[in-house]
Amino acid sequence: MRQRKRDQLLVKLIGIILINAFHATIVFLLIAYPIGLYYMRNETVLDPRTSNLIFLSVTFLAIFVFIVGFSLMTRKTMRKITYLSNEIEQIANGDLGRTVKVEGRDELASLGDSVNRMSRQLQELFEKERAYEAERNQLFSNLSHDLRTPLTSIRGYVQLLQNERKLSETEQSHFNVLNEKTAQLEQLLDQLMDVNRLYSSQVTLSRHRLNGSLLTMQLVHELRPLFEEAGHELKLDVQPDLYIDADQQQLIRVFQNLMSNALKYATPGSPIKLTLMQEDGAILWRLCNKTTPETIASIDHLFDRTYRVDTSRGETPGDGLGLSIARQIMLLHDGTLTAQSMSESHICFTACFVRADKKSI
């Protein structure tokens with residue numbers, strides 16, 4: 001069926017071309033023949049320049065007639081194509097379920113039917129995805145509540161056992177492990193709920209004009225001892241007075257997550273470079289460090305939720321949610337967070353913000 005419609009459209013196009021070529025030929029003959037007959041009757045011999053000029057003029061007129069005729073005969077088809085293009089653009093911009101008017105039985109009508117089916121299917125998939133997201137968010141909420149209650153009981157009983165009698169050094173060590181693991185589970189639940197809120201747009205940002213340079217230097221001052229303790233030299237290249245329109249608490253969280261990630265996965269003893277600069281009207285906050293080949297190989301998955309490089313390494317703390325949370329916060333700020341391999345052993349994380357107008361409040 002589709003092959004027949006394609007053949008019909010091709011035959012129609014060839015027919016239009018032939019008809020207009022015939023019209024152009026008739027125009028050429030109607031003009032050229034009288035001119036040639038006139039000069040023959042007067043036995044006038046034209047010089048080559050005049051002859052060529054007349055021939056080119058008549059040919060140009062014939063071509064003009066062909067173009068005008070072809071345009072008029074294909075005008076309706078071109079309007080259909082333009083209409084379909086505009087409608088598809090609207091669908092691509094998010095107007096799912098939008099349908100186009102279908103006229104005729106040619107290939108363009110078949111394309112319109114395909115566009116309508118695609119639009120309806122996209123709307124159905126979007127509605128299913130939205131229902132899935134709502135169900136998943138509710139599952140997260142219920143799971144957090146159901147797990148937090150027994151964890152609170154476990155923590156209470158652990159403290160009760162610790163207070164009942166004097167513990168030996170071995171017993172105290174065991175209880176310390178229990179307390180530590182319970183705290184980790186509670187922190188993981190908090191992280192999961194944060195992810196749930198961020199991805200469901202339940203977070204309301206309190207955005208203000210912030211001095212990103214000053215905020216970065218404050219965080220560096222607070223975290224530098226941790227980097228020095230781990231043997232990392234923190235190299236800074238921070239341009240002064242770069243302003244960002246952002247939620248301060250969420251922005252601090254992004255920077256802390258990125259710096260914490262570098263602290264965990266940077267090659268031991270290697271330098272870490274932090275850069276803050278303005279480029280093409282944007283503010284780029286970039287953290288670069290040397291890392292393992294496994295991290296470079298996994299660069300496309302670093303922002304996936306719960307993903308961790310080399311999960312068998314139990315000595316590396318974390319829950320795999322930090323980078324995912326950081327990227328989602330950046331998206332809520334109309335910014336981006338990307339990871340790029342600079343070489344086989346170096347990686348850079350770049351947070352890109354729109355530069356805030358210094359005059360705005």
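A patch, as the term is used here, is made of residues with over 30% relative accessible area and no salt bridge; like charges are joined within 9 Å, and nonpolar side chains (Val, Leu, Ile, Met, Phe, Trp, Tyr) within 5 Å. Accessible areas come from the Shrake-Rupley method with a 1.4 Å probe, and for residues only the protein chains shown count as cover. The model is predicted, so local features need pLDDT of at least 70 and side-chain atom pairs count only at pLDDT 80 or more, while totals for chains, interfaces and linings use all residues. Residues are numbered from 1 along each chain as its sequence is written, and side-chain values use heavy atoms, with hydrogens and water left out.

**The nonpolar patch**

Ile-19, Phe-60, Leu-61, Phe-64, Val-68, Leu-72 and Met-73 make a nonpolar surface patch of about 640 Å². The most is given by helix H2 (residues 48-92), which supplies six residues. Helices (H or I, at least four residues) and strands (E, at least two) are DSSP runs, numbered from the N terminus. Val-68 is one of the residues in helix H2. Its relative accessible area of 33% makes Val-68 partly exposed, given that buried means under 20%, exposed over 50% and partly exposed in between (1.4 Å probe, protein chains only).

**The salt bridges**

A salt bridge is a side-chain nitrogen of Lys or Arg within 4 Å of a carboxyl oxygen of Asp or Glu. The whole structure holds two salt bridges.

| Pair | N to O distance |
|---|---|
| Arg-207 and Asp-245 | 3.8 Å |
| Arg-207 and Asp-334 | 3.4 Å |

Asp-334 lies in the loop between helix H8 (322-332) and strand E6 (336-341), and its partner Arg-207 in strand E1 is 127 residues apart from it. In the pair of Arg-207 and Asp-245, strand E1 (residues 207-211) is linked with strand E3 (residues 243-247), the two residues being 38 apart. Arg-207 is partly exposed at 29% relative accessibility, Asp-245 is partly exposed at 35%, and Asp-334 is exposed at 58%.

**Helix H8**

Helix H8 is largely enclosed by the rest of the structure, because eight of its eleven residues are buried. These buried residues are Gly-322, Leu-323, Ser-324, Ile-325, Ala-326, Gln-328, Ile-329 and Met-330. Asp-334, which follows H8, has a positive phi, near 60 degrees.
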